[in-house]
Amino acid sequence: MSEAISALAGANTEGFARVSELGLHGMITVRGNQSDAAFAKAVCAVAGVDALPAIRKMVGTLEGGIAWMSPDELMVFVPYSQVVERVGQLNETLAGQHFLAVNVSDARAVFGIDGAAAREVLAKIAPVDLSPEAFGVGDLRRTRISQIAAAFWMSGEESFRLVCFRSVAEYAFKLLGTSAAKGGEVGYF
Amino acid sequence: MLTLQCPYCGVMAEETELSAGGEAHLKRFGPGSTDADFETYMFMRENPKGVHFERWRHANGCGKWFHAARCTVTLEVFGTYPAQTSVPPADLLDKIRAARPGFKWREFE
Ligand SMILES: [Zn+2]
């Protein structure tokens, strides 16, 4: 068995906020009817959370959590070492129902943006209102950062987590790093 | 900058999150249709100066297709609504009638 490595092997850069590639995470794209109780229960069990996220929310963490991606799509986060097993668990529990679960762990990259001015790093590159009144802990947006698609959520008062396609991980890292570079502070929020 | 509210995720999406999908409420004429119907379906489009109905996709977002009604002259947006319909919602048509008395777009007026 070859050794799995993440897109940028944990690269990080320190500006007015810290940008880090966060290594391997188990990610499962799940599509199905979110208002179906059996579906919700099965997905929550796999992620280890109590309830599905509300619209544009993230519940839990990268080690066990669910991100709202669209009215019929969720992203489930589990430890990388357990992702194959958890997909199997979903397929078993929901057998016969109309749903889809795919392991996308090796097709995505995960970044952290940490620091008191973390909001500014994303506000400069995404068409999203990131003011404290409009975007708080647990809020999630699926949007674009400069020229690539990305989803991000606020994981703490001074931290964001961001997921993008692995194929554009280097672009994302350089973009985030440039946006966070010292001297680029805006001080708007 | 055009801003449309995605009826699926509620986001006030500015145009760089969206991709345009052309005219709304086209009826497809495929194999077996007459040449005239097929030509109309394929090529003939409204080109209004005023109220227009369009398809848009929240491409850099939730990914869903939706409809929008807006004015091509002032860029006023009358409203957006989900794609699972072949006619604009009645309340939206009322709103447009109030804002643009006498408007006509295909069979809607
Ligand atoms: Zn949307």
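Two strands pair if DSSP finds at least two bridges between them. In this predicted model, strand β4 (residues 58-61) of chain A is joined to β5(A) by four bridges, and the two strands run antiparallel. β4(A) and β5(A) form a hairpin, with two residues lying between them. Within this pairing, G60(A) has G65(A) of β5(A) as its bridge partner.

## Strands β5 and β6

On pairing with β6(A), strand β5(A) again adopts the antiparallel sense, here over five bridges. These strands, β5(A) and β6(A), also form a hairpin with two residues between them. The residue of β6(A) that stands opposite G65(A) is F77(A).

Strand β5 of chain A spans residues 64-70; seven of its seven residues are buried, so the strand is largely enclosed by the rest of the structure.

## Helix α2

Helix α2 of chain A covers residues 83-93, and its buried residues are V83(A), R86(A), V87(A) and L90(A). They lie on the same side of α2(A) because they cover an arc of only 100 degrees around the axis. In general, an α-helix has 3.6 residues a turn, so residues three or four places apart point the same way.

The face of α2(A) turned away from the buried side carries exposed residues: V84(A), E85(A) and E92(A). The elements of chain A that cover the buried residues of α2(A) include β3 (26-31), α1 (37-47), β6 (73-78) and β7 (100-103).

Methods:
Residues numbered from 1 in each chain as written. Chains lettered and ligands numbered in written order. Predicted model: local features only at pLDDT ≥ 70, side-chain atom pairs only at ≥ 80, totals over all residues. Heavy atoms only, no water. Buried < 20%, exposed > 50% of the residue type's maximum accessible area, 1.4 Å probe, protein only. Arc of directions from axis to C-beta. Contact = heavy atoms within 4.5 Å.
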